[in-house]
Amino acid sequence: MAAMRTLFLVSHVLAVTLLYVSLAQGLNPKCETADHGSTLQIFHVYSPCSPFKPSKPLSWDESVLQMQVKDQARLQYLSSLVARKSVVPIASGRQIIQSPTYIVRAKIGTPAQTFLLAMDTSNDAAWIPCSGCVGCLSSTLFASDKSTTFKTLGCEVAQCKQVPNPTCGGSACSFNLTYGGSTIAANLSQDNITLATDSVPDYTFGCIQKVTGSSAPPQGLLGLGRGPLSLLSQTQNLYQSTFSYCLPSFKSLNFSGSLRLGPVGQPKRIKYTPLLKNPRRSSLYYVNLIAIRVGRRIVDIPADALAFNPTTGAGTIIDSGTVFTRLVQPAYIAVRDEFRRRVNKPGVSSLGGFDTCYSDPIVAPTITFMFSGMNVTLPPDNILIHSTAGSTTCLAMAAAPDNVNSVLNVIANMQQQNHRVLFDVPNSRLGVARELCT
């Protein structure tokens, strides 16, 4: 059996290597397609278009397992935000590595300098590595001295009170934050930022001066949360705190989706669920998940496994940075057991953190997330992962980690792929509609 598994993995590596070789020979499409209007392209960090793709080709098994390991840490991070008021829990004894998996182009300064920013709905402030940065891993650094519109903000500005751990040793407002296993020191700054063809003057962001660790997105981050320094808050007059995205499938060769900013051009035929507010972590997008249906059966989940509780941070969030949906243990077990019953095949195995895998082809039931006012039924592409050769299929969900105080259900980006997800903050609602963007 061990020999068969080794042969199986070797065949996967060979197949993916051949695919990457073909892409390297110029068969990869549309890497240079320009953004337009208020719509930005989105592509996955493992995309052939991405400078952040692995230096050595990974098999599908390896890439899925790598993303799943990072998800574990992402869940620790999200749990720490809601349960500990943004303080990372020391009790876990682990470094926390966040993993935003989709990136967008942004141009900063005058003349413009282009960066690929990680798109993260659970963070607020933007930050980019600046010239002279100590420990920054990217060779793409923002040359602030070459921008005629750049300015460093002092301690007297209101924004200095909105960043974590501000200090005022000199004339600049400096701040420190922890992002995964990295510690970041930055100066609060302003400059023009251009998203697609829309220019936003005097955008406030962190100009990174020093980084320890390697967890931070190399070219910076664009925060899409609900806090005062997020893109939504800073462009409220331009985009009216409204945006949507469509995330392409992992299978897409060019991995090009879209981030649509502002109310214009958003889908008209779309169902909504209310956004819930958690004052202890106001940036996160909480929704009211009331039940889950597998096939035609609503599974039996204890009410407190889905209930929203602002005090503990319990409930359900929509997150762009987690890859695979995680449900608190009672909810996951109920979904998994009914899924297995519906598939009705022997020989259930495990692959990494996935505990429901099959070596023979299966006919999977649909899974429907039932929110207040809206149901989202996921087709097989959003609930199954397949090995490179297609001979192993797994349910692409897992239980929330039990080694931290995780009370969050996280609807992750694989389950959101090929859907238009609309964040309408002024009307406190979130919409979802099926849309193929792969």
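Rings of Phe, Tyr and Trp (its six-membered ring) pair if their centres lie within 6.5 Å, with planes under 30 degrees apart counted as stacked, over 60 as edge-to-face and the rest as tilted. By that criterion, ring pairs join Phe-115, Phe-142, Phe-150 and Phe-205 into a cluster. This is a predicted model, in which local features need pLDDT of at least 70 and side-chain atom pairs count only at pLDDT 80 or more, while totals for chains, interfaces and linings use all residues. Residues are numbered from 1 along each chain as its sequence is written, and side-chain values use heavy atoms, with hydrogens and water left out.

**Ring contacts**

- The structure holds 12 aromatic pairs, among them the edge-to-face pair of Phe-142 and Phe-205, at 6.3 Å centre to centre and 80° between the planes.
- This pair links distant parts of the chain, 63 residues apart, with Phe-142 in the loop between β4 (126-134) and β5 (151-152) and Phe-205 in strand β9 (residues 198-212); strands (E, at least two residues) and helices (H or I, at least four) are DSSP runs, numbered from the N terminus.
- Phe-142 and Phe-205 are both buried, where buried means under 20% relative accessible area, exposed over 50%, and partly exposed in between (1.4 Å probe, protein chains only).

**Backbone features**

- The peptide bond from Thr-110 to Pro-111 is cis, with omega near -5°, and Pro-111 is found in the loop between β2 (102-108) and β3 (113-120).
- Asn-165, although not a glycine, has a positive phi of about 50°, and counts as exposed because its relative accessibility is 52%.
- Asn-418, also not a glycine, has a positive phi of about 60°, but is buried, with a relative accessible area of 9%.
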